[in-house]
Amino acid sequence: AVVSTQSTGMSASEKLIAGLSRNGCVRRGVRYDGTLLGSFTGVKTEYDCLRRCKSSWSNTGSATLTIEPSPDAGQCKCIKERRGYLFDTNGFYSSISSLCWDIGQADNAKWNSCTIYNRSHTGSAMVVVNGTGSIKDCTMACAYRDECQAVTYKRDTGECILRRSGGQGGGLDHADSLNINCLI
């Protein structure tokens, strides 16, 4: 039986899957770098780092937390870009994408209402990602591209087209589209 909660309307299984999706947004051993919006000290977790950044700067794209055993542990940096990989060999960093986190909170009903079935999207294509397993995987790929606003996912081939802003396009068999802002 599916158990629903009063507070969010998400079933227990949806909460578990959303938690796992959001946990996948954390990149351990990776230090995002980009336009620094600001920073905090004394921060314990990646989630608290992101929460503080988003409440202070609405345009926070990602956050990076310096972790133990670094002498700078607890330093949280708020970054404008969604990502900006700088792999760090000492493993003293943990980074999280704001949009990935927000998308991970959407329940199945929200995904279903935002997905436009058998339609394309008119936004200009940025990149094509092959081998994605679902429109959710395709959307998560979009979460890490700064100008990505929409996706078209071809169910029959697994092809994912990351797109800039635009509107709903014409009919396209075996393909679905989604505007990222609908999920947040």
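Predicted model: local features only at pLDDT ≥ 70, side-chain atom pairs only at ≥ 80, totals over all residues.

User: Great. In what order do the strands of the open sheet run?

Analyst: The order is β1-β7-β4-β5-β3, with antiparallel pairing. Strands (E, at least two residues) and helices (H or I, at least four) are DSSP runs numbered from the N terminus, and two strands pair if DSSP finds at least two bridges between them.

User: And which are the edge strands?

Analyst: Those are β1 (26–28) and β3 (36–40), each pairing on one side only. β1 pairs with β7 (residues 93–97) over 3 bridges, and Arg28 stands opposite Ser94 in β7.

User: Which helix lies across β1, β3, β4, β5 and β7?

Analyst: That's α2 (residues 46–56), running at about 135 degrees to β4. Axes are lines fitted to C-alpha atoms, for helices over the stretch in contact (heavy atoms within 4.5 Å), and angles run from 0 to 180 degrees between N-to-C directions.

User: Switching topic: how many aromatic pairs are there?

Analyst: The whole structure has 2. Rings of Phe, Tyr and Trp (its six-membered ring) pair if their centres lie within 6.5 Å; planes under 30 degrees apart count as stacked, over 60 as edge-to-face and the rest as tilted. Phe40 and Trp57 have ring centres 5.7 Å apart and planes at 55 degrees, so they are tilted.

User: Why does that pair tie together parts 17 residues apart in sequence?

Analyst: Because Phe40 lies in strand β3 and Trp57 in the loop between α2 and β4.

User: What about the pair of Tyr47 and Trp101?

Analyst: Their centres are 5.0 Å apart with planes at 40 degrees, so that pair is tilted. The pair links Tyr47 in helix α2 to Trp101 in helix α3 (residues 98–103), 54 residues apart.

User: Is Tyr47 buried or partly exposed?

Analyst: Tyr47 is partly exposed, at 31% relative accessibility. Buried means under 20% relative accessible area, exposed over 50%, and partly exposed in between (1.4 Å probe, protein chains only).

User: Last one: which residues of α5 are buried?

Analyst: In α5 (residues 135–143), they are Ile135, Cys138, Thr139, Met140, Cys142 and Ala143.

Terms used. Residues numbered from 1 in each chain as written. Heavy atoms only, no water.
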